[in-house]
Structures are given as structure tokens and as C-alpha cells.
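Here is a short briefing on one structure. Keep the view open as you read.

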Protein chains: 4
Amino acid sequence: MTPPQALPRKSFGSDNHARAHPAVLSALGSASRGDVTAYGDDPWTERVAAQLRQEFGASGVFFVFNGTAANVLGVSLMLRPYEAVICAESAHLNVDECGAAERIIGCKLLTVPTDDGKLTPELVAARLAGRGDEHRAQPRAVAITQATEVGTCYTVAELRRLGDFCHDSDLLVFLDGARLANAAAFLGCSLSDLAGSVDVLSFGGTKNGAVGAEALVVMNPALTASVPFQRKQQMQLASKMRYLAAQFGALLEDQLWLQNARHANAMAQRLAAGVSGIPGVGLRYPVESNGVFATLDPALIEPLASEWNFYVWDASENVVRWMAAFDTSEEDVDAFVAAIRAAALKLIS
Amino acid sequence: MTPPQALPRKSFGSDNHARAHPAVLSALGSASRGDVTAYGDDPWTERVAAQLRQEFGASGVFFVFNGTAANVLGVSLMLRPYEAVICAESAHLNVDECGAAERIIGCKLLTVPTDDGKLTPELVAARLAGRGDEHRAQPRAVAITQATEVGTCYTVAELRRLGDFCHDSDLLVFLDGARLANAAAFLGCSLSDLAGSVDVLSFGGTKNGAVGAEALVVMNPALTASVPFQRKQQMQLASKMRYLAAQFGALLEDQLWLQNARHANAMAQRLAAGVSGIPGVGLRYPVESNGVFATLDPALIEPLASEWNFYVWDASENVVRWMAAFDTSEEDVDAFVAAIRAAALKLIS
Amino acid sequence: MTPPQALPRKSFGSDNHARAHPAVLSALGSASRGDVTAYGDDPWTERVAAQLRQEFGASGVFFVFNGTAANVLGVSLMLRPYEAVICAESAHLNVDECGAAERIIGCKLLTVPTDDGKLTPELVAARLAGRGDEHRAQPRAVAITQATEVGTCYTVAELRRLGDFCHDSDLLVFLDGARLANAAAFLGCSLSDLAGSVDVLSFGGTKNGAVGAEALVVMNPALTASVPFQRKQQMQLASKMRYLAAQFGALLEDQLWLQNARHANAMAQRLAAGVSGIPGVGLRYPVESNGVFATLDPALIEPLASEWNFYVWDASENVVRWMAAFDTSEEDVDAFVAAIRAAALKLIS
Amino acid sequence: MTPPQALPRKSFGSDNHARAHPAVLSALGSASRGDVTAYGDDPWTERVAAQLRQEFGASGVFFVFNGTAANVLGVSLMLRPYEAVICAESAHLNVDECGAAERIIGCKLLTVPTDDGKLTPELVAARLAGRGDEHRAQPRAVAITQATEVGTCYTVAELRRLGDFCHDSDLLVFLDGARLANAAAFLGCSLSDLAGSVDVLSFGGTKNGAVGAEALVVMNPALTASVPFQRKQQMQLASKMRYLAAQFGALLEDQLWLQNARHANAMAQRLAAGVSGIPGVGLRYPVESNGVFATLDPALIEPLASEWNFYVWDASENVVRWMAAFDTSEEDVDAFVAAIRAAALKLIS
């Protein structure tokens with residue numbers, strides 16, 4: 001059977017348009033030996049979860065299938081139904097999960113407009129009115145994203161300040177780390193540095209070269225015991241768990257996760273540098289991970305989109321999102337830059 | 001890094017203790033070429049879903065991560081929260097999903113005791129009292145399992161009779177097909193024969209050689225439109241969907257799914273035949289798929305369990321479950337039979 | 001405007017077919033003076049809740065609108081969504097609330113068949129298998145009904161034994177007291193005697209002469225804090241709360257609740273005694289509260305039902321339910337007995 | 001027993017600080033005759049529901065206990081869990097119901113900032129992005145409030161324009177009518193005029209002189225059939241329903257609902273006129289129902305609040321809310337105005 005055709009050129013649409021890293025695929029093959037008991041009671045899961053617990057300094061590590069699940073499961077550990085989670089208006093949890101939090105947890109999201117996708121103690125504090133008032137859903141958790149949905153990163157100091165504020169305010173902290181690797185690469189810090197101020201976080205594999213796997217990392221020991229039940233009930237318990245664990249095993253080996261993230265980040269930097277000075281192209285947000293959010297002359301969007309895959313992030317402001325992946329090459333970036341430049345010049349002339 | 005150790009001998013504990021079939025792993029590699037758009041808008045998903053739609057005569061086919069999700073998503077298409085699903089007391093949906101249906105759908109399960117795991121029109125009819133009474137959850141769907149949790153199969157005629165009864169009674173039918181392949185192999189019928197009387201069913205890949213993938217097959221066109229949203233909200237939308245599709249692609253090629261199921265069934269038959277006549281060993285249910293449910297002299301259980309992996313299905317009746325997989329060999333079965341025989345003879349002597 | 005017509009003769013269909021007690025109506029009038037702040041922050045609520053807290057020895061007392069709400073709110077205080085409540089198959093919570101527990105709490109009900117509607121430590125113990133197994137909803141609470149749905153009562157010793165077993169087994173106990181007053185009257189014990197072994201219970205007003213009011217009585221102090229939020233979120237927070245409190249104020253004055261219950265119980269006893277010896281009529285359950293569950297010659301049911309209001313409780317066994325209320329008179333009972341006797345004699349002759 | 005003390009002076013805190021209207025209490029007494037069957041199958045409910053159906057031109061009318069329930073039940077008729085309701089950020093449904101919609105319906109609220117609490121087609125249209133995108137909760141209903149939470153009213157033409165837009169856009173319309181009577185009184189239109197453009201609405205009794213009763217009015221016949229089940233499951237089915245019906249019976253007689261609303265509106269107008277020109281006092285919103293939203297010199301708030309009951313609506317903008325009720329007298333208003341004037345003058349001097 002002839003295999004179907006992939007896209008004709010490298011996509012800048014999303015880091016999950018990329019294939020899996022060969023080392024991840026190879027790890028699936030290695031894990032495919034003999035029988036093991038199911039549902040995570042196997043030596044692959046045991047070993048890789050232990051590695052991750054050590055890497056993060058975590059109380060528990062649990063594999064799930066995708067990022068929505070990691071977010072919902074993670075937040076569900078923290079809330080009774082009448083409690084609410086504070087998050088940025090732009091949070092994936094709020095915008096891109098088809099209301100999963102509301103349905104599965106039954107909770108209210110108290111959203112905060114932000115420019116750069118980052119919450120601050122001040123923004124959180126503004127959502128705490130109504131505590132103790134039975135008519136209001138009670139804020140009990142704060143969810144942040146690192147790197148954020150617009151590619152920015154909290155510094156470790158910012159994380160610490162926010163975490164301290166939250167814990168002093170009787171709020172638990174969840175961190176959506178679908179692109180945590182990119183943040184660690186940008187900040188030059190360890191995973192445990194990023195996890196130190198939060199109670200639960202996710203560590204994304206899928207956008208970083210996995211086939212499809214995310215790790216839920218529980219830092220707060222009081223939240224660990226219910227995870228197995230919540231994970232099963234939330235339909236995230238893999239029977240052949242070794243294949244999720246093995247993906248992370250590959251990403252941990254020789255810090256492949258970090259290599260992948262550094263490379264993707266570098267390609268985003270190369271792209272940002274490449275378009276610098278092109279007329280009609282500006283940067284909307286600082287490039288602090290593997291995405292470039294650019295403002296485009298609206299007349300540029302269609303010609304570019306007819307050839308290249310990327311998303312219009314905000315049509316009203318003509319902001320587009322260009323994502324780099326672990327396998328984006330310098331040639332891919334340069335070709336894309338050349339296309340942008342050509343389109344821009346054509347527009348002027 | 002030395003890979004971890006698998007179990008020392010073939011497990012009869014579950015068909016999901018088995019590794020993935022090499023052709024499935026190979027398909028993951030083949031799919032791992034170039035970029036494609038995410039979330040199922042890719043040529044692998046398009047092709048394999050089309051193949052499955054044709055195979056089943058279905059309105060829509062949607063990949064999800066595991067069997068619990070296929071069950072919950074499938075039933076959720078049919079119910080408003082005040083509506084109920086009738087199922088066997090022994091149904092996986094009722095017993096083994098940590099209350100996922102109640103939490104995610106918010107519905108009541110109206111359970112029916114059965115001996116062989118199979119519902120009949122008469123058993124369903126007995127649960128229809130209270131229709132129209134606002135104090136009662138309203139029966140609106142019936143969920144059956146094929147092959148059942150105890151390894152029995154509905155004949156195509158039984159399915160048709162039950163389906164006709166349900167549809168005449170304004171009940172939709174969901175079929176949990178985690179082991180549908182084994183049923184098709186046993187009955188010698190097509191997948192569309194099995195699907196003809198139901199509204200929605202699952203087609204399990206994981207227990208049949210996949211790494212981890214299930215297909216939700218929607219036969220009733222009225223139920224198709226909401227699936228994408230329900231799937232996303234239920235945290236089952238894979239970003240790199242091609243890797244789910246590719247697994248089914250491999251299982252469809254040369255009817256590998258059928259070969260695998262036939263082999264596993266044959267090994268169960270070989271096991272059942274092998275233990276026939278061994279003192280202290282009896283069959284609890286007819287062997288109609290890849291599982292053998294045996295009654296054991298209780299003194300046999302511990303010695304066997306110390307060497308071999310299997311589950312005690314019903315401790316009060318000394319029923320054990322022995323499952324065969326696509327990769328269970330004749331030698332595996334024969335060695336297991338020999339061990340059972342030896343233990344039984346030791347007991348007598 | 002001419003008022004509509006009530007039923008032509010006293011209903012034995014339900015204790016909620018009765019009107020409200022005049023003292024309750026009068027209390028509504030008394031409470032209807034001047035302004036008070038809403039949502040329970042008023043002196044009527046404060047006073048009556050304090051009286052009830054003292055009567056029960058309770059940590060907190062909260063008024064709600066109806067019995068379904070008291071049950072669901074009460075159980076919801078005890079469970080995370082992956083936890084389950086064990087109850088009798090015949091429990092109102094299971095049978096008569098249109099799946100409210102499943103929808104609102106999202107939990108599984110682990111039901112137990114019983115003959116007399118009463119759970120025992122042994123019956124509860126039989127439902128504890130699967131603890132610690134992530135595939136199973138985790139038993140965390142036990143819900144009982146006093147008086148039960150079939151009119152029987154737990155003795156105080158039975159309550160204590162069950163409560164001790166549950167607490168020793170890390171299970172919380174909820175008691176549905178829609179007819180708690182009838183149980184107290186039958187047993188000759190105090191409300192605090194009935195509440196001593198449970199964590200949360202309801203105290204029903206509606207079936208005992210109220211217009212419509214139930215009290216949720218929280219004995220376990222650890223469960224009190226979340227009630228205001230859960231009550232509001234579960235749509236049970238009355239703005240003009242004084243009118244709920246005033247109803248209980250009337251029922252507490254001179255122990256009207258107990259007088260009402262004693263009278264209703266006595267009428268049930270009179271009815272049971274009256275039908276004793278009538279051919280074709282037997283008692284299905286001991287008469288321990290205000291209901292008589294009788295087995296009838298099936299040929300008796302229709303003639304009686306054409307004139308008198310009562311329910312066929314179990315059509316397959318020809319069991320009917322006859323309920324007495326606070327305002328059922330001796331004449332009502334005697335006329336009903338005469339009608340039953342006449343129908344039975346007619347049948348024989 | 002000495003009755004507890006009400007507030008020393010008329011509250012301007014809320015229209016539900018008021019007692020019930022004597023005619024309502026009297027109707028409870030009239031309904032308290034003889035036995036009737038429960039759960040709404042009684043002649044009071046039948047008669048009053050029929051009157052309301054006629055008044056509104058409705059398909060079905062169903063009584064519930066409170067306004068939160070009317071809102072949640074009403075919206076729940078319109079949505080599958082992956083569907084969303086668009087509402088004003090200031091909607092009671094969003095702000096004041098402790099997350100009931102999220103928990104009970106499991107849906108997302110797509111909120112829109114508004115100044116005057118009123119949605120427009122343009123504001124609704126701005127929330128329709130993402131339709132058909134499985135990552136987004138799908139807008140399916142629009143919830144508005146009439147009179148709004150800030151006392152403004154949609155004109156009948158505005159309602160029609162919004163309703164037409166919604167229906168043309170495949171959106172159902174829910175109207176929270178906790179103060180619908182006040183809107184009808186202000187606009188001088190009929191209830192059916194207000195209901196003509198919506199699918200489901202509530203008609204509030206509690207704030208208009210009832211003890212506690214709201215009517216859910218279903219205009220769209222396709223949404224009627226599931227109400228009895230949804231109402232029961234949402235814990236809103238009163239057993240002694242006649243007492244809810246009777247309250248509305250009293251409010252309908254001689255259009256008491258309209259008299260009450262007119263009077264309360266007139267008192268709000270008198271109050272607004274009275275404070276006009278007092279230094280440090282301004283009107284924040286037009287007075288179009290029974291509430292006055294005033295901006296106060298912050299130094300005025302505390303002295304006034306120490307003597308009079310009212311709410312600070314928006315502390316950051318020094319907005320206070322003064323509500324009039326059916327039983328607010330001209331003397332009450334004049335005394336309050338005098339107190340405001342005195343406080344203001346004291347401030348100046």
C-alpha cells in the first residue's frame with residue numbers, strides 16, 4: 001500500500017504537525033518485548049516514572065494521553081465542584097478544550113485578561129473577591145502555562161513570587177507544561193526549578209517529539225493518592241502503559257527533551273531574526289520559546305498562507321503564529337523567511 | 001541503558017499484557033514521515049477511517065485512546081443526563097471503569113444480572129418500568145459487550161433480535177467491542193454483520209495487537225455530528241492522530257485483525273481442550289472467544305498463580321480467567337496445560 | 001374565584017397528599033412581619049437552626065426545599081467523584097430521584113438487594129471488594145433510610161452497630177430522614193439517639209405537616225464548612241429563608257413533629273389491625289412507621305383503587321402501599337377498612 | 001414564644017428582604033384544604049399553570065423553588081455539555097450562582113462585558129467565533145436578564161431584534177425573569193410581549209411578593225417534553241406543589257403581580273427623584289425597574305450603611321444599589337432620602 005502524502009513543506013502551523021522523533025519510535029520497539037502486566041504495573045513505567053520523579057523532585061508521576069487530559073486531571077485534583085480555578089483568558093484550559101474543565105470537573109474558570117499570557121499576584125488578587133460568599137464559586141486554584149500560549153516564559157523568580165503569593169493565599173497552583181521543555185531551554189534552568197513553586201504540573205511529550213504522551217507531575221504529596229482513581233475515571237489509564245513510559249524514556253535519555261526544545265527554540269529565534277526588518281512584519285510578543293507571534297500586513301497573510309502552513313492567531317489584530325518543532329531545519333526557516341520577504345517586497349512594489 | 005525485564009513466561013492474565021504486533025510498530029514508523037496537520041486532519045486518518053467506514057458500513061469512525069473512553073463517549077452520544085443505559089451487571093462499563101459513566105455522562109446505569117454476560121429482549125424489558133415517570137431515570141440506551149466480559153458471543157441472530165427489540169422500544173444500542181475481532185473470528189461473520197443491529201460500537205485495537213487505539217464506529221447517522229466535540233471535551237482527541245490511524249491501518253492490512261483474533265481464539269480452544277478432563281478443573285462458560293473461564297479446585301489456585309499470571313475472576317466461586325493473545329504460542333499453551341495438570345495431579349496424590 | 005376541588009376522600013397514597021398543618025401555616029404568617037436579610041441571615045433561621053442543632057447535638061443545620069435535595073446535598077458532602085455510596089437497591093436515592101445523585105454528584109451507587117430495606121454491616125461489607133483498585137469506584141459512604149421506604153425502622157442498637165462498622169471501615173454514613181419523625185415516634189427515642197451514629201442526616205418536614213421544608217443536619221463537624229457553597233450550587237438556597245425556618249419552628253413547638261408522627265403511626269397501626277384477618281389481605285412488612293405494606297389478592301386491587309387513592313408498590317407481588325398522614329382520622333381509617341372488607345367479601349361470595 | 005425581631009427600618013438591600021404579600025399567604029391557606037395528589041398532579045397546579053400558559057402564550061409552565069434553579073433548569077433544556085451559553089459578564093447566572101451552571105449543566109459560559117447589563121446582536125456575534133471548531137465549546141444559547149441585574153430593561157423592540165438575530169444564528173434564547181414583572185410594569189407591555197422572542201424564560205414570584213416560587217415558562221414546544229425529568233433530577237420537584245401554584249394564583253388574581261411591580265418601580269423612581277441634586281449622589285444607570293444604582297461620594301457610604309440596609313454594588317466605583325419592594329412605602333423612601341440628604345450635607349459642612 002502506498003503511504004499517504006505528508007505536507008509538501010515544513011509546517012509552521014504547530015509543533016504537533018511534526019512526526020515523532022526517531023529515538024521515540026525506536027523506544028517503542030525496544031519496549032515491545034515479551035509480556036508485562038498492564039495499567040502501569042510494569043518495569044518500563046516504574047523506571048521512567050522514577051526518573052521523572054527524581055528529575056522534578058516530585059511526589060508522583062502519572063502518564064496520560066494528551067494535554068487536555070493532563071490539564072483537566074491536574075486541576076481536578078485540587079477542586080471541589082464549588083471551587084474555581086483562576087486562569088488567563090488565553091489559557092488553553094479556557095479556550096481550546098471545548099469546555100472540558102467545566103464538564104469534567106464541573107468547576108468555574110475565573111478568567112483574567114492578560115496581554116502576554118502571564119498571571120501575576122496582582123492579577124490573581126483581583127479575582128479573589130467573593131471568598132466566603134456562598135453565592136460565588138470559591139477560588140481555590142490558579143492555573144498557569146509555561147511556556148505560555150503566546151510563547152512567553154515566566155522567569156523562575158516570577159514563578160516563585162506567584163507561587164508564594166498563591167500559597168499564602170490558600171490557593172493551589174497548577175502549571176500547564178505542554179511546552180515546559182521549551183521554557184526550561186529558554187530559561188536555562190532545570191525542570192525542578194520550574195516545578196518548585198507549583199503543586200501539580202504537566203510535562204509535555206507530544207509537542208517535543210513523542211508520538212503522544214504527557215506526564216502529570218504531582219509535587220504536593222497531599223494530592224497524589226487520588227490520582228490513580230481520577231485518571232482511570234477520566235478515561236486516561238492506558239492498558240499498555242509501557243508504550244507511554246517508553247516515549248518519555250527516550251526523551252530523558254541524554255536529555256533528548258532538552259536538545260529537542262533547544263533546537264526548536266533556536267529555530268524560532270532564527271525565524272524572528274530573519275523577518276526582522278522586513279516591511280509589514282513585526283513581533284507581537286517576545287520570542288521566549290519555540291513560537292513566533294508576528295503582526296503582518298493583512299495583505300501578506302493570504303499569499304503566504306496559500307503556500308505555507310501557519311495559523312492566524314488573532315484576525316482582528318493580524319497576528320499570526322509560527323511554530324518551530326524539534327525537526328524544523330535551518331533550511332526550512334530560511335526558505336520560509338525568504339518567502340515572507342518575497343511576499344513583502346511584492347506588496348510594496 | 002539495559003531495558004527492563006518482561007515477565008518470565010507468557011501471561012494468561014490479559015490480552016493486554018501482550019506487546020504490540022510488529023506490523024503495528026512498523027506502521028508507526030511508516031507514518032512517521034514529514035509533517036501533517038494535527039487532530040485527524042491528515043491523510044493517514046482520512047484513509048484508515050474511510051476503510052473502517054466501509055468495513056462496517058458506518059456513518060462515521062473516530063479514533064480514541066482506550067476502551068473506557070470508547071464506551072463512555074459512545075454512550076454519551078445517546079443520552080441526556082436524565083436518561084439511563086441498561087447494561088449487564090457484569091459490564092465493563094459498570095464494573096471496571098471507576099464510575100466514569102456516572103461522572104462523565106452523569107447518567108444512571110440500570111444493571112441486569114445475567115449468567116453469561118448477555119442481555120436478551122426479556123432482560124431489557126424488565127428494566128423498562130418507570131418510563132414516563134419523572135421520578136425515574138428514563139431508559140434510553142442499551143449497552144452490550146461482544147465478545148462479553150466472560151468470553152461468550154451473541155450470535156448474529158441474537159444481536160438482530162435484541163437490536164430489533166430495542167429499536168422497536170425506542171432504545172438505542174451501544175456495543176462495547178473491545179474484543180469485537182474475537183467475536184467476528186468465532187462467529188465467522190463480517191464486522192458489518194456485527195454492527196448491523198447497533199447504533200454505535202467500538203472496535204478494539206489494543207487487545208488485538210495495537211499499541212493503544214480504539215475506534216468508535218457510529219452506524220446511526222443522527223449521532224455522528226456531535227462526536228468531534230464530545231471526543232475533544234472527553235479528552236480523547238489525539239493531536240498526532242496519524243499514529244492512532246496507522247495502528248488500525250496495520251490491523252486492516254491483509255485482515256491482520258482477523259488473523260490475530262483467530263489465533264488468540266484458537267489458543268483459548270487449545271487451552272480449554274488441554275485442561276479437559278484434568279481433575280479439579282472445569283469450564284465455567286463456553287469458550288467463544290480468546291478467554292477461558294475455568295472453575296478450579298481452590299487448592300490449585302495458589303500454586304498455579306505463583307508461577308503463572310492470571311486473574312481470579314470470582315473468588316467466591318473459584319473461577320479463574322485465562323486469556324490468550326495474538327502472540328500466545330502453542331508452546332505457551334502446552335506448557336501452561338502441563339503445569340495445570342501437574343498441579344492437579346500433585347493435589348490428588 | 002372558586003377554589004379547586006380536593007380529592008373526595010382521604011388519600012392513602014402518600015403522606016405528602018396531605019395539606020400542611022395549620023400551625024405551620026400560622027407560623028408562615030407570624031414570620032411575615034417586616035424586613036429581614038435574605039439567604040438565612042435572619043433571626044428566624046438563626047433561632048430555629050439553633051433549636052435543631054441542640055435537638056440533634058449537631059454541628060450544623062441547613063434548610064433545603066425537598067427530600068431529593070437533602071439526600072443529594074448530604075451525600076455530596078462526603079464524596080469525591082470517583083467515590084461511591086453504598087445503599088439499598090430500594091433506596092429513594094437510587095430509585096426515585098431520576099438519577100439526581102449520578103448527575104449532581106457524578107458518583108456511582110453501589111446497590112444492595114435487601115428484603116426489608118435495611119442495610120447491615122454484612123451487606124455493606126459485601127460491597128467493599130475493589131477498594132484500592134483504580135478500576136473500581138471507591139466506596140466511601142453508606143446511605144440508609146429511617147424509617148425505610150418500606151416502613152421498617154432500624155433500632156437504635158442496629159444504627160449503632162452499623163455506624164460503628166462503617167466508621168471502623170472508613171465509611172461515612174448518611175441517613176435519609178424524610179420520615180425520621182415517624183421512626184422516633186415508633187422507637188420512642190430522641191432525635192439525637194437516631195443521629196448519634198451518622199455523619200449527616202436529613203430531618204423531613206414535608207411529610208410531617210410542613211408546606212415544604214427539609215433540614216440537613218450535619219453531625220460530623222468536618223463536613224459542615226462546605227455546606228453553604230454546596231447548597232447554593234445545588235440550587236437549594238432560599239432567599240426568603242425565614243419561611244423555611246418558620247415551618248420547622250412550628251413543628252418544634254410543643255414537639256408538634258412528634259405528635260404528628262405518633263398520630264400517623266397510630267393510624268397505620270389501626271389500619272393494619274383493621275385489615276387483620278380479612279381474607280385476601282396480608283402484611284408484607286412489619287408496620288413500624290406510618291405506612292402499611294399489604295399483599296392483596298390481585299382481584300382486590302382494581303375495585304379498591306377505583307375509589308381510594310393508594311399505590312401498587314410491587315405489581316409482580318401484588319404489594320400495595322397505604323400511607324397515613326398527620327391528619328388521617330380514625331374515621332378515615334375505619335371507612336377504608338370497611339371498604340377493603342366489603343371488597344374482600346364480595347370477592348369471596 | 002416571642003417572635004424574633006425584624007430589621008428596625010425598611011431595607012433597601014434587596015427586594016427579597018421583604019415579607020410575602022398577604023394575598024399570597026392567604027392563598028396558601030386556601031390551598032390547604034383536603035388531600036390532593038403530589039408532584040403537581042393537583043387542581044391548583046393545573047389551574048394556575050394553565051393561567052400562566054395563557055398569559056404568556058406558552059407551551060409549558062413549571063414551578064420551581066428559586067431563581068438559580070429556574071436559570072439552570074431553563075438553560076439545561078437547551079444545551080448538550082459541549083455547548084455553551086453566551087451571557088453578560090454581570091449575569092446572575094455567571095456571577096451569583098456559585099458555579100451552578102458549570103456544575104449542573106457542565107457547560108461553559110461565554111461571557112461578554114457590557115456596561116448596562118444588556119446584550120445586543122453585535123455583542124453576541126462577537127462570541128460566535130469558533131463555531132464548528134471541535135476545540136471550542138459551541139455557542140448554542142444566549143441568556144439575558146429582564147430587568148437586568150443593574151435595573152435596566154430591554155425594550156420590546158430590542159428583545160425582538162436580539163431574538164431574531166439569535167434564531168437566525170441557530171441560537172436559543174433564555175431570559176432570566178426574576179424581575180420580569182418590574183420590566184413589564186416599566187415597559188407597559190404584556191408578559192407575552194416580553195416572551196415573544198425567547199425560547200424559555202423564568203417569571204419570578206419571590207421578589208414580587210411570593211414566599212418563594214418561580215415559574216419556568218417554556219415557549220418553544222420542542223423544549224417542553226424533557227422538563228419534568230430535568231426538574232426532578234435537578235431537585236426542583238415539589239411534592240406539595242399546590243403551595244407553589246397557589247402563590248402564583250394569588251399573584252395572578254387582579255394582576256397583583258403587576259400592581260406589586262408598579263408600586264416597587266414607582267418607589268424606585270421616587271427615590272431617584274428624591275436624591276436628584278443631592279451633592280455627592282449621582283445615578284449610575286437609568287432607573288427602569290425597582291432598583292436605583294447610585295454613585296456615592298465614598299465618604300457617604302459608611303454613615304448611611306450604619307443605619308440603612310443596602311449593598312455596595314461596585315466598591316471600586318463607589319456604586320451602591322438601592323432596591324424597592326412591593327411593600328416599600330412612600331414614607332420609607334422619604335425617610336431614606338432625608339437620611340441621604342442629611343449625610344451629604346453633613347459631609348459638605
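Which residue of chain C comes closest to the rotation axis? That residue is C:Ile104, whose C-alpha is at 3.1 Å from the axis. The axis belongs to the superposition of chain C on chain D, a rotation of 180° with 0.0 Å of shift along it (RMSD 0.0 Å).

This is a predicted model, where local features need pLDDT of at least 70, side-chain atom pairs count only at pLDDT 80 or more, and totals for chains, interfaces and linings use all residues. Residues are numbered from 1 along each chain as its sequence is written, chains are lettered from A and ligands numbered from 1 in the order in which they are written, and side-chain values use heavy atoms, with hydrogens and water left out.

**How the chains are related**

- Two copies of a chain are related by a rotation about an axis and a shift along it.
- Copies are superposed here by least squares on the C-alpha atoms of residues with pLDDT of at least 70 in both.
- Chains C and D meet through the same surface, because 100% of the interface residues of chain C are also interface residues in chain D. Contact means heavy atoms within 4.5 Å.
- Chain D superposes on chain B by a rotation of 180°, with 0.0 Å of shift along the axis and an RMSD of 0.0 Å. That is the relation of a two-fold axis.
- D:Arg80 is the residue of chain D that comes closest to this rotation axis, at 3.9 Å (C-alpha).
- The same surface serves both of these copies, as 100% of the contact residues of chain D recur in chain B.

**Strand E6 of chain C**

- Helices (H or I, at least four residues) and strands (E, at least two) are DSSP runs, numbered from the N terminus.
- Five of the five residues of strand E6 (residues 200–204) of chain C are buried, so E6(C) is largely enclosed by the rest of the structure. Buried means under 20% relative accessible area, exposed over 50%, and partly exposed in between (1.4 Å probe, protein chains only).
- C:Val200, C:Ser202 and C:Gly204 point one way from E6(C), while C:Leu201 and C:Phe203 point the other way.
- Strand E5 (residues 172–176) of chain C runs parallel to E6(C), joined by two bridges. Two strands pair if DSSP finds at least two bridges between them.
- C:Phe174 has C:Val200 in E6(C) as its bridge partner.
- Strand E7 (residues 214–218) of chain C pairs with E6(C) in the antiparallel sense, over five bridges. There, C:Ser202 stands opposite C:Leu216.

**Nonpolar cores**

- In soluble globular proteins, nonpolar side chains tend to be buried together.
- A nonpolar core is a set of buried Ala, Val, Leu, Ile, Met, Phe, Trp, Tyr and Cys residues joined through side-chain atoms within 4.5 Å.
- The largest core has 140 residues. C:Phe56, C:Phe63, C:Phe203, D:Phe56, D:Phe63 and D:Phe203 touch the most other members.
- Another core, of 138 residues, lies apart from it and includes B:Val24, B:Leu128, B:Leu201 and B:Leu237.
- Leaving aside neighbours within four places in sequence, the contacts of C:Phe63 include C:Val48, C:Leu52, C:Met241 and C:Phe248.

**Helix H14 of chain B**

- Helix H14 (residues 330–348) of chain B has 19 residues. It reaches 27 Å from its first C-alpha to its last, close to the 27 Å expected at 1.5 Å a residue. The expected span is 1.5 Å times one less than the number of residues.
- Its buried residues are B:Val333, B:Phe336, B:Val337, B:Ile340, B:Ala343 and B:Ala344.
- Seen down the axis of H14(B), these fall within an arc of 125°, so they line one face of the helix. The arc is that of the directions from the helix axis to the C-beta atoms.
- The face turned away from the buried side of H14(B) carries the exposed residues B:Glu331 and B:Lys346.
- The buried residues of H14(B) pack against helix H12 (256–275), strand E8 (281–283), helix H13 (298–305) and strand E11 (319–323) of chain B.

**Backbone details**

- Most residues other than glycine have a negative phi, and most peptide bonds are trans.
- The peptide bond from A:Gln146 to A:Ala147 is cis, with omega near -15°.
- A:Cys98 is not a glycine, but its phi is positive, near 50°. A:Cys98 counts as buried, at 0% relative accessibility.
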